[in-house]
Amino acid sequence: MTELLYGGVDVAMKVPPHQYQPVLSFYRDVVRLKEIGKEGARGFELGPIRLWIDEAPAMSQAELWLELFTPDFGKAAEHLAKAGVPRCDPIEALPEDFRGGWILNPANIVHLVREADAWEAPSP
């Protein structure tokens, strides 16, 4: 793949505590999507997408966060900075050696831009 940025497979729905269990129940019991993850990381298969439901105590309403992949986060970050795209890394901590970061689109929708294997430990 030669694109600098392309769509990822994860969508995160950040949900306030008072809505968390009802939202899980909606996707599990009403819509009956296949549940994935484990305690603290609940999600559902949504076709080729993984929809993660995250309890977010600091939020008063739900938000959707999207994911973009890149083969080279350094180049992608430089490209986005030159285009005036704001970084918002403090929004949620990522591991120190993580090859990715958080950005906002013009409508303030959070996107995680990351290399496909960013969650894996770097090779020695």
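This is a predicted model: local features need pLDDT of at least 70, side-chain atom pairs count only at pLDDT 80 or more; totals for chains, interfaces and linings use all residues.
Biologist: A salt bridge is a side-chain nitrogen of Lys or Arg within 4 Å of a carboxyl oxygen of Asp or Glu. How many salt bridges does the count come to?

Modeller: The count comes to 13 salt bridges. Residues are numbered from 1 along each chain as its sequence is written, and side-chain values use heavy atoms, with hydrogens and water left out.

Biologist: What is the average pLDDT of the protein?

Modeller: The average is 92, and 95% of the residues score at least 70. Strands are DSSP runs of E with at least two residues, helices runs of H or I with at least four, numbered from the N terminus.

Biologist: Back to the salt bridges. What does Asp10 meet?

Modeller: Asp10 meets Arg50, with N to O at 2.6 Å. Asp10 is in strand β2 and Arg50 in strand β5, 40 residues apart, so this pair links distant parts of the chain.

Biologist: Buried or exposed, that Asp10?

Modeller: Asp10 counts as buried, because its relative accessibility is 15% and buried means under 20% (exposed is over 50%, partly exposed in between, with a 1.4 Å probe and protein chains only). Arg50, at 33%, counts as partly exposed.

Biologist: What about Glu35?

Modeller: Glu35 pairs with Arg28, with the closest N and O atoms 3.8 Å apart. Both are partly exposed: Glu35 has a relative accessible area of 27% and Arg28 one of 30%.

Biologist: New topic. Why is β7 largely enclosed?

Modeller: Five of the five residues of β7 are buried, so the rest of the structure largely encloses that strand. Gly100, Trp102 and Leu104 cover one side, Gly101 and Ile103 the other.

Biologist: What does β7 join?

Modeller: Five bridges join β7 to β8, and the two run antiparallel; strands pair if DSSP finds at least two bridges between them. Gly100 has Arg114 as its bridge partner in β8. The hairpin has five residues between the strands, and Asn108 takes a positive phi near 65 degrees there.

Biologist: Last one, the largest pocket. What volume does it have?

Modeller: About 390 Å³. A pocket is an open set of points on a 1 Å grid over the protein atoms alone where a 1.4 Å probe fits, with protein on both sides within 12 Å along at least five of seven lines; lining residues have an atom within 4 Å of a point. Volume is the space filled by probe spheres set on the points, which are joined across faces, edges and corners.

Biologist: Which residues are closest to its centre?

Modeller: Of the 17 lining residues, Ala12, Asp54, Glu92, Trp102 and Trp119 are the closest. Strand β2 gives the most to the lining, with four residues.

Definitions and conventions:
pLDDT is the predictor's confidence in each residue, from 0 to 100.
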